[in-house]
Amino acid sequence: MNVTILDDYFDTIRTLPCFSKLEGHRVTVWNDHVQEVDALAERLKDTEVLVLIRERTQIRAPLIARLAKLRLISQRSVYPHIDLDACTGRGIIVSSDQHAGTPSYAAAELTWALVMATARKLPQQMASLKAGRWQVGVGDTLRGKTLGVYGYGRIGSTVAGYGKAFGMKVLVWAREEARSKAKADGYAAAESKRAFFETCDVISLHMRLVKDTRGIVTGEDLALMKPSAMLVNTSRAGLVAPGALVTALRAGRPGSAAVDVFEEEPLRDANDPLLALSNVVATPHIGYVTRDEYELQFTDIFDQVTAYAAGKPINVVNPKVLAA
């Protein structure tokens, strides 16, 4: 089959051990990012199997309508970037392992790196040193402070463990079922969303972006945070109401933020309002970008390809297409 892999920025995929799973297929790898429909339609005109790296490329109806040979889209995790109805209408299977029981240590580790970097002002101190100056400010100690984990799933629970290891008090806010699990794991659950935002010194967001969670963190929530508090988002930018974080940071509540995700990605606007703020530490959506995580993810993705090739597709998220 003709297999195309998009958005492999550093040509990493073909160097992974799991790439051998595609042996016998004709594989094309693109290392740049293109979103224009005409350009993508030309690139993918002979593609039978499309492999996506998370949500880097939007696969919408106008593009799908022009991909006559496409039969399978294989990826991992959520799929808000794929028009499932259009795929089903064209007879295209979408396979995506939701890996609900697999912790993402890469994302959890980056979350903690951002917490530490923001608390100790590491980017600012490094920039000062490289500019020929010495210290530029005083950082904060995490021990004894309260870490708020908003969403207690596979990543949130791991971050809670990191907070505990650093001597922080851990407070959880999530759905009732998740709060119960957090309590069973020995963590406290907040009495209310308001109390959660008022109490925590660091709040880290760990939820999937779905209809019910889009904009779940409002400007009113952020205004409740302490002037000394920090908001961390390594999940999805859409969890925070549009523009609310910039407004809140300018108002001084919270006092700082660390983000790995943006409304528009890839973000290439150096004048983006969030990047212009001195109290923000930002990284370009690298939470899952490690060789170990890639091997884990693409093992699943390529297993979906081989299962389809064997006539037994797995992890199908649009099952109506199978009946058609």
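Me: Why is D46 called partly exposed?
Reply: Its relative accessibility is 38%. Buried means under 20% relative accessible area, exposed over 50%, and partly exposed in between (1.4 Å probe, protein chains only). The value for D46 falls in between, so D46 counts as partly exposed. One thing to keep in mind: this is a predicted model, in which local features need pLDDT of at least 70, side-chain atom pairs count only at pLDDT 80 or more, and totals for chains, interfaces and linings use all residues. Residues are numbered from 1 along each chain as its sequence is written, and side-chain values use heavy atoms, with hydrogens and water left out.

Me: What makes K69 and D46 a salt bridge?
Reply: The term asks for a side-chain nitrogen of Lys or Arg within 4 Å of a carboxyl oxygen of Asp or Glu. Between K69 and D46 the N to O value is 3.0 Å, so the pair qualifies. K69 lies in the loop between helix 2 (61–64) and strand 4 (72–76), and D46 in the loop between helix 1 (37–43) and strand 3 (49–51), so the pair ties together parts 23 residues apart in sequence. Helices (H or I, at least four residues) and strands (E, at least two) are DSSP runs, numbered from the N terminus. K69 is partly exposed too, at 43%.

Me: How do you know that D303 and K21 form a salt bridge?
Reply: Their closest N and O atoms are 2.9 Å apart, and the limit is 4 Å, so they pass. This pair links distant parts of the chain: D303 sits in helix 11 (residues 291–309) and K21 in the loop between strand 1 (2–5) and strand 2 (26–29), 282 residues apart. D303 has a relative accessible area of 28% and K21 one of 33%, so each is partly exposed.

Me: Where do D300 and R76 lie, and are they buried or exposed?
Reply: D300 is in helix 11 and R76 in strand 4, 224 residues apart. Both are buried, and their side chains meet in a salt bridge at 2.7 Å, N to O.

Me: How many salt bridges does a search of the whole structure find?
Reply: It finds 14.

Me: Why are the buried residues of helix 7 said to be on the same side?
Reply: The buried residues of helix 7 (residues 176–184) are A178, R179 and A182. They cover an arc of only 100° around the axis, which puts them on the same side; the arc is that of the directions from the helix axis to the C-beta atoms. On the other side, E176, E177, K183 and A184 are exposed.
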